Amino acid sequence: MSGSLTICKEGELDFLSLGALVHRLDPGIIPFRKATECAIHVSGGEFNVAANLADCFGMKTGIASAMVDYPIGDLIAERVRAMGVRPFYKHFAHDGVTGPNMATVYSDRGYGVRPPVVFYNRCNEAAGKLKPGDFDWKAIFAGGVRWVHSGGIFAALSPTTAELAVEAMKAAKEAGAVTSFDLNFREKLWNVWGGAQKAVETIARIVEHVDVLVGNEEDLQKGLGIEGPKVGHKSASKLDPSVFFGMIDQVVKKHSQVKAVATTLREVHSTNRHSWSAVAWVEGKNYSAPTAELDVYDRVGGGDGFAAGFFYGMLSGAGPEEAVKLGWAHGALLTTFPGDTTMSTLEQVRAVAAGGSARIQR
């Protein structure tokens, strides 16, 4: 491992994400085949982290993404503004019929023994058309950016989005920013343009420029191509961090510049009852959060909630142990709200991280 994780103290932006903006249609506990109405949530794995950091943690954040100039784009752009995230858009015109489009995610919440069902329409998605050269990184980084983030879903949208992620990470390192990447491995997306081997080769070129990884043992195996337990193997407990920590040596051997790896641990008892924890390896040391029993309202976005809290801890100088607890607490709180982004306050996060209860606050 080379060097330590050095985070700039100041910058015009604390955090910048590169990723796709999407809108999620949510009929609640009703399956789509019987739905008559739904809520609309603005989302995107990379955007969620930036939105959480801005709205809950008070950080100065931005999103580099595609924006289509039509009513769905207007709806999404309004929510980006409302969450306090500064946009850097590559604009696309909509032809009124076929697009290009802002992607749609369809996701009910499930209930009890019935799990949530998620499917997508990413046909002719504007974000998939993004390519190197679409953003003026020198201008974006001119005032200073402390941390830059992207993820595996964006990298899997098209060959050009992967190349853009490489370009962004290179530019970020040249500008002195810490870089992070959420592996978020999605087999269906990678299968469209090359499959498992192409995914490993592509992600390796991005991770070469990354300081901090987010991902569980399956992400590490499939995204980085390293050996581990058989994916889907039923271990004694999904809350046991030993498998995750046991793979770190291989991660660092393959990517020696990586200084931190973090993930959530979740045991799903029913759709609405989860055991929840989190772990991180930072510069050679292991850190673990407590285990909480969650009553889950909407599980979507919990992992991004953890990432935001963990990044906040590191950016604010709280230290790795406190950062893991802040991420764990914020991710837990996020599962109690509808939608993909935070409705929590920093005070609530700190209270849960410190072992607070759900007693009424008067």
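A salt bridge, as the term is used here, is a side-chain nitrogen of Lys or Arg within 4 Å of a carboxyl oxygen of Asp or Glu. Please note that this is a predicted model, in which local features need pLDDT of at least 70 and side-chain atom pairs count only at pLDDT 80 or more, while totals for chains, interfaces and linings use all residues. Residues are numbered from 1 along each chain as its sequence is written, and side-chain values use heavy atoms, with hydrogens and water left out.

Helices (H or I, at least four residues) and strands (E, at least two) are DSSP runs, numbered from the N terminus. Asp 134 has 15% relative accessibility and counts as buried, whereas Lys 90, at 28%, is partly exposed. Buried means under 20% relative accessible area, exposed over 50%, and partly exposed in between, with a 1.4 Å probe and protein chains only.

How many salt bridges does a search of the whole structure find? The search finds 16. Among them is the pair of Arg 146 and Asp 14, whose closest N and O atoms are 2.9 Å apart. Arg 146 lies in the loop between helix 3 (137-140) and strand 8 (147-151), and Asp 14 in the segment before strand 1 (15-18), so the pair ties together parts that are 132 residues apart in sequence. Both Arg 146 and Asp 14 are buried.

Let us turn to helix 8, residues 217-224, where Asp 219 is found. Asp 219 is buried but has no salt bridge; the nearest side chain of opposite charge, Arg 186, is 5.2 Å away. The side chain of Asp 219 does reach the backbone nitrogen of Phe 185, at 3.2 Å. In helix 8, Glu 218 and Lys 222 are four residues apart, about one helical turn, and they form a salt bridge with closest N and O atoms 3.7 Å apart.

Finally, a network of salt bridges links Arg 24, Asp 26, Arg 109, Asp 298 and Asp 340. The lining of the largest cavity includes Arg 24, Arg 109 and Asp 298. A cavity is a set of points on a 1 Å grid over the protein atoms alone where a 1.4 Å probe fits but cannot get out, and lining residues have an atom within 4 Å of a point.

How values were computed:
1 Å grid on protein atoms, 1.4 Å probe; cavity = no way out; pocket = protein on both sides within 12 Å on 5 of 7 lines; lining within 4 Å. Lys, Arg positive; Asp, Glu negative; His and termini not counted. Polar contact = N/O pair within 3.5 Å; in protein donor to acceptor, adjacent residues only side chain to side chain.
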